[in-house]
Amino acid sequence: MIYYKTNEEIELMRESNLLVSKTLAHVAGILKVGITGKNIDKSAEEFIRDNGGIPGFKGYRGFPSTLCMSLNDAVVHGIPSDKVFSDNDVVSIDCGVILNGFYGDAAFSFAFHNVQPEVQKLLKVTRESLYKGIEAVLVGNRIGDISFAIQHYCERIHGYGIVRELVGHGVGKNLHEDPEVPNFGTKGKGPMLKEGIVIAIEPMVNMGSKSVKQMNDGWTILTRDGKPSAHFEHSVAVRKNGPDILSDHSFIDAAVKNNAEILNISINN
Ligand code: MG
Ligand code: MG
């Protein structure tokens, strides 16, 4: 069942998503070669709690950490570890918080300074595809319009593989609500977009094949061919005037600009 949010609830969700965005910006400021994922995760948890929030992922179905941290051929749901980051790593970081009783949910992929241009391009295209999807968030459109826009851009235009097993979702008092928001699909199909629906749109895009497998940690999703994957996510409200993006990647961009170890993945949108 779809929960339609009031304007007041959407403003509360904006606050939750602002905290997510600022947490990801905090992470963008401390990412460096030689630091471990666990160090970053601990700092993110402190940041969230210092700002009055609760980590949204920690303990969710038994997930052990505040952040999902997925390196290189990991697509999503990676667990922060004691491994240190290298100058050619790509890391997708997904963050959820609970604030005011509502979840915020957003993700961003970071490239360390020696990441190859072709992998930088994967990040750029994935990030652009998120906005192609968001452009379709209009009252009267259907979920399939979002799905098609993302799939078309990534697969048809750029030849990448869109993950089928994992999808975006409604978000609110629950982390995962209806409707599902696949990153693949057909124009004009699926649930209709109506005012008050809030969805997390999150393209997961593989440089090679769309096939994935789960690691034996029970969480991490890896590409089957071992090639890199990227993930960007916004929480977006359907409003009568169009999409209202509740999370804000501009905080992250500002932090990346001040971190010489992380490449700026700028896009045209
Ligand atoms: Mg997320
Ligand atoms: Mg999500």
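**Metal site, cysteines and a loop proline**

Modeller: This is a predicted model. In it, D105 is buried, and E233 is buried too.

Colleague: OK, and what coordinates the magnesium ion (ligand 1)?

Modeller: D94, through two OD contacts, plus D105 (OD) and E233 (OE). The distances run from 2.0 to 2.5 Å.

Colleague: What spacing do those donors follow along the chain?

Modeller: The pattern is D-x10-D-x127-E. D105 sits in strand β5 (residues 102–111), while E233 is in the loop between β13 (229–231) and β14 (234–239), so the pair ties together parts that are 128 residues apart in sequence.

Colleague: Which residue bridges ligand 1 and the magnesium ion (ligand 2)?

Modeller: D105 does. The two ions lie 3.1 Å apart.

Colleague: Is C68 buried or exposed?

Modeller: Buried, at 6% relative accessible area. C154 also counts as buried, at 0%.

Colleague: Now P64. Where is P64 found?

Modeller: In the loop between β1 (54–55) and β2 (67–71). P64 is partly exposed, with a relative accessible area of 42%.

Colleague: What does P64 contact, leaving aside neighbours within four places in sequence?

Modeller: K58, I79 and W219.

Colleague: And what separates the C-alpha atoms of P64 and D82?

Modeller: A gap of 14 Å. Along the chain, these two are 18 residues apart.

Notes:
Residues numbered from 1 in each chain as written. Chains lettered and ligands numbered in written order. Predicted model: local features only at pLDDT ≥ 70, side-chain atom pairs only at ≥ 80, totals over all residues. Heavy atoms only, no water. Donors = N, O, S within 2.8 Å, 3.2 Å for Na, K, Ca; no water. Helix = DSSP H or I, 4+ residues; strand = E, 2+ residues; numbered from the N terminus. Buried < 20%, exposed > 50% of the residue type's maximum accessible area, 1.4 Å probe, protein only. Contact = heavy atoms within 4.5 Å.
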